[in-house]
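Dear colleague,

I am passing on a structure for you to look through, and below it you will find my notes on what turned up. Please read them with the structure open beside you.

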Amino acid sequence: MENVFNKVLNQLIGGNARELNVVSVVGMGGIGKSTLAGSIFRNPSVFYHFDVSSWVTVSQKYDVREMLLDVLSFGTPSLKAMYSNLSNDQLLEQVYRKLKGKRYLIVLDDIWSIEAWNLVIRSFSDDENGSRIMLTRLSEVAMSAGNGYTFNMPFLNLENSWKLLADKVFGIVVCPLRLESMGKQIAQQCQGLPLSLVVIAGLLPKISRTYKDWQKVLESMKSHEGSTSEQCLAILALSYNYLPCSLKACFLYMGAFPEDKEIHVDKLIKIWVAEGFLKPSSHKKLEEVAEECLEDLFSRSLIIVSRRRANGKIRSCRIHDLLRQLCLREGKSEKFFHVMTKSFEMSAECMEIEHRLCLHTDGLENQSLALEKGNFDSVRTILCLGELHSFLNSGCYKIVDPRFELLRVLDVQNIHFPSFPNEITQLVQLRYVSFTTGSEVPASISNLWNLQTMSVISVAENELHPAIGNLEDVKSETFQSREIVHACSSQGTKFSCWKEIFMAVTNVKALGVLINPDLNEWSNFNDSLICLSDLRKLRIHLALPPYVQFFPRLPAPQWNSFPEKLMHLTLEATHLLWKDISFLGKLPNLEVLKLKYFAFQGSNWNLNEGGFKKLKLLHIFMTNLVQWKATSDSLPSLECLVLRHCYKLKEMASEIGDIPTLELIELHHCSHAAATCVEEILEEQKSMGNEILVAHAYNTNFNRSPNTNTK
């Protein structure tokens, strides 16, 4: 595998070829194409060599629009919003302009279709400067790509298979002699396929390390001998069968999401909780139990972690195509869920005992879906997953219907309901509901007395009705520690409604709001926050485009407007001034502060001593800050500093490195000057014996120091 790695890497950054070349990595599913491409993509020498780089996951059911948006985001998914209103032709033009004149690397991972390739290649300019495109998946696409090189991924031999298996199971510990012979036989049964090896390696640590138990695993593997792909599927099924019952349900849920979809863990956990999959513990919150389940699935190599938070927790994940096939097969066999596609035809017989209905984008395009024909007495969940989708006559689909009287989970956020679907208020068993509407939410929403999570997106200038404050019985259980309310406000909102809402849900622990830049509403909201005495997590997003320049600036809130227990605060597009940030430093329990999309503006931030006594994570995303002055006493408890898209930042105080608790500095798409400042901080700290502080730089070029990992 190392030999292939070096050959592919050399074709990308070595040699004298100036024209645009395509480097293809092909092979059967599970052989490690994406893993190899990812290792190369993250290699520091690759980032030194190319001006810009983007990773695009294509998949079998490709979406050209999503492919173009992935290119334009350059590794920062939140930047997609900047281009979301453009047509496909405009996106093609933007890609061309962004890449023109730059030496770029574009990875098209898991590309199945020659048609998908032909649709995007015309936007990739060839300036004869050494740009490269890397493809993974099928040899047919590689051949169609023309100019370039193709590498066939080889199977592992027995020696390397055993080495991979042993490393995954035992780490640095040597395999006991009593298990070595059995372990090598298990490795041999994997037929040199890396996916089979890592999945079986994820299973073995979960059982007793005895010869007898390992022999049972080997006998199960031998009982399903066949081709390499058939043997792989049998091994995946074996690992699934060893899962505890509660973990089986959590794993099968991964198959409900579209192929290659990055799954946001916050949403996934809320749905798991609403479904009742998790066993409560007297010492742990259900969210903590869910996080442990995710880590367990990851340790078994059944899911792939896409991104982690600064605190190490999983932010998003995905699942390998072959494991998703297993989920679909087992889900259908066990009547766990049913995926409705474009060609699906409804019948009462086929839907009698289905508990979960999953509609992807193509399923929503099925004009003859006719859900009214089905028998839905047993339906507990409806998931409509994919990109935002609008249609003229939503009623013909009967997505929301009072016949779903046992429905617990209703996620129809990617469907636009011009008028609020009143049928929702009759589904009194709902625990999780997510939808998009162009009208107000009525007072009758208070009928949902079991509700735990409600997420509402408003797509028109309408209001969130003040009567939502009547959700008395959504009290402690609806908006407690695990729930976030998404409230969308607008010009039509009565300014008195915030206090009415908050007084009705005083036990809420987490809250997210979208507020219009109206002085009266802003003031009323801030004055009403104090009603939420148990609030721990707050996200405030001002309803402005990220790059708006001229509008009446709103005043900074008073620090005592915020609940005393607040620990996690995110401000987005609030456009406050850096000189006024001191009010946040007075929050006594604030541990996480995220400032996004010009939450604060100005070229200078002088962070004086005092305040921010408990702050552990500071995340700044997109700012025009040029100079940042601070001392080690300014952020005495800081553990992690994340700077994203701080293009103008030229100066950072070296005293930041003296913070005794600081362990990590992350830079994403920052200026060269900012990167240089961080490198100088690291060198100074190293000279003083500080071996704890490290930095990761993504799409930011500066010379590596021993403490710096540039990606």
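Glutamine 191 is partly exposed, with a relative accessible area of 29%, where buried means under 20% relative accessible area, exposed over 50% and partly exposed in between, computed with a 1.4 Å probe on protein chains only. This is a predicted model, in which local features need pLDDT of at least 70 and side-chain atom pairs count only at pLDDT 80 or more, while totals for chains, interfaces and linings use all residues. Residues are numbered from 1 along each chain as its sequence is written, and side-chain values use heavy atoms, leaving out hydrogens and water.

Glutamine 191 has a positive phi of about 55 degrees although it is not a glycine, and it lies in the loop between helix 9 (177-189) and helix 10 (194-203); helices (H or I, at least four residues) and strands (E, at least two) are DSSP runs, numbered from the N terminus. Most residues other than glycine have a negative phi.

Histidine 669, also not a glycine, has a positive phi of about 55 degrees, but this residue is buried, with a relative accessible area of 11%. Histidine 669 is found in the loop between strand 27 (664-668) and helix 22 (672-687).

As for strand 27, five of its five residues are buried: Leu664, Glu666 and His668 point one way, and Ile665 and Leu667 the other way. Strand 27 runs parallel to strand 25 (residues 640-644), joined by five bridges, and pairs in the parallel sense with strand 28 (residues 694-698), again over five bridges, where pairing requires that DSSP finds at least two bridges between two strands.

Best wishes
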